[in-house]
Amino acid sequence: MRGAVDAHHHLWNPSDPGQGWLADTALATIRRRFDLQDLHDAVRAGVAGRPVTATVLVQSVARIDETERLLAMAADDDLVAAVVGWVDLTAEVSAQLDRLRGGHGGRLLRGVRHLVQDEPDPRWLLRDDVLTGLQALANADLPYDLLVRPPQLPAAVELSRRLPGLRLVLDHAGKPQLASGDLERWSHEVRALARSEQVACKVSGLITEANHQHWSVADLRPAWDTVLDAFGPRRVLFGSDWPVCLLAASWERWAATAAEFIAPLSPDEADAVLSTTATATYGLDGTVDADLDHQQHEEDQL
């Protein structure tokens, strides 16, 4: 059995530049510093009986200096195996990638993301300058994390068709509107996106799209069933979206929910969702198995 990968989490300090978004009163629960020790404590329970042996740290603000800080943090930690950072897709992408890769921890830059969900133009992804930047990511063989809401999914579908050489990862399953139960449009567009074989999907962030106080496994199941049917288990990745998930539940409760969803899958399919797809997508260099072997060796010595 492999270890598990948490393919989507964050670390931040509210005093850092760009973190003003945390001032929203609805975010009081997560308006504090979350550091590496907090991460290690959060994932200690594991998921589906597996220890978490690698994670993917994802940007939270549109600043390259945040990505530099995240890379430096990851370089000095044995759990964070990759960083999905930020670059300005409308500027010279290659120069920005060189800057990030040349810094401390730069080898751990394994993807890029922009907060497209906050762009007022629902077709922002298809702007000529953005497409040029995304093509530069494809040329660098870096996947692009898609952070979009349902109205922006049609542009994501078109992007997948225009740039078939760009690997895409749909964050938070495209943010289905679970609180309202209105999933028809979302389901249609997610299935259309899944027809492009270079697209994978993170099953993360579902609980924060549901009713934060009263969600249940049954409330989330329609979204899980749609994603699993559309992408298949070998293009689905487990992610926690910690600490954002704390708005609706602990890391442990979300992991237990994911384990319930994964339980009917075959061992190979469960491996894909929990480990191998993330490892391949973000180039984790065998970290998952190596760390699990090290842990087993230590236990054998006890």
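The model is predicted, so local features need pLDDT of at least 70 and side-chain atom pairs count only at pLDDT 80 or more, while totals for chains, interfaces and linings use all residues. Residues are numbered from 1 along each chain as its sequence is written, and side-chain values use heavy atoms, with hydrogens and water left out.

**Pocket and cavity**

Let's begin with the spaces. On a 1 Å grid over the protein atoms alone, a cavity is a set of points where a 1.4 Å probe fits but cannot get out; a pocket is an open set with protein on both sides within 12 Å along at least five of seven lines, and lining residues have an atom within 4 Å of a point. Points are joined across faces, edges and corners, and a volume is the space filled by probe spheres set on them.

The largest pocket has 26 lining residues, and those nearest its centre are Trp21, Gln117, Arg149, Lys175 and Val244. There is 1 cavity of 30 Å³ or more. Its lining consists of Val203, Trp224, Phe238, Trp254, Ala258, Phe261, Ile262 and Val273. Helix H8 (residues 251-262) gives the largest share of that lining, 4 residues; helices here are DSSP runs (H or I, at least four residues), numbered from the N terminus.

In the table, Ala, Val, Leu, Ile, Met, Phe, Trp, Tyr, Cys and Pro count as nonpolar, Asp, Glu, Lys and Arg as charged, and the others, Gly among them, as polar.

| Space | Volume | Lining by class |
|---|---|---|
| Largest pocket | about 520 Å³ | 11 nonpolar, 8 polar, 7 charged residues |
| Largest cavity | about 40 Å³ | 8 nonpolar, no polar, no charged residues |

**Helix pairs**

Now to the packing. Axes are lines fitted to C-alpha atoms, for helices over the stretch in contact, and angles run from 0 to 180 degrees between N-to-C directions. The axes of H6 (residues 184-194) and H7 (residues 217-231) come within 9 Å and cross at roughly 25°, so the two helices are roughly parallel (under 35 degrees). On the H6 side, the contact (heavy atoms within 4.5 Å) includes Trp186 and Val190, and on the H7 side Val227 and Phe231 are among the residues involved. By class, this contact has 7 nonpolar, 2 polar and 2 charged residues.

H2 (residues 64-75) and H3 (residues 93-101) pack at about 30°, with axes 10 Å apart, and are therefore roughly parallel too. Here Ile64, Thr67, Glu68 and Leu71 of H2 meet Gln96, Arg99 and Leu100 of H3. That contact divides into 3 nonpolar, 2 polar and 2 charged residues.

How values were computed. Parallel < 35°, antiparallel > 145°, perpendicular 65-115°, else oblique.
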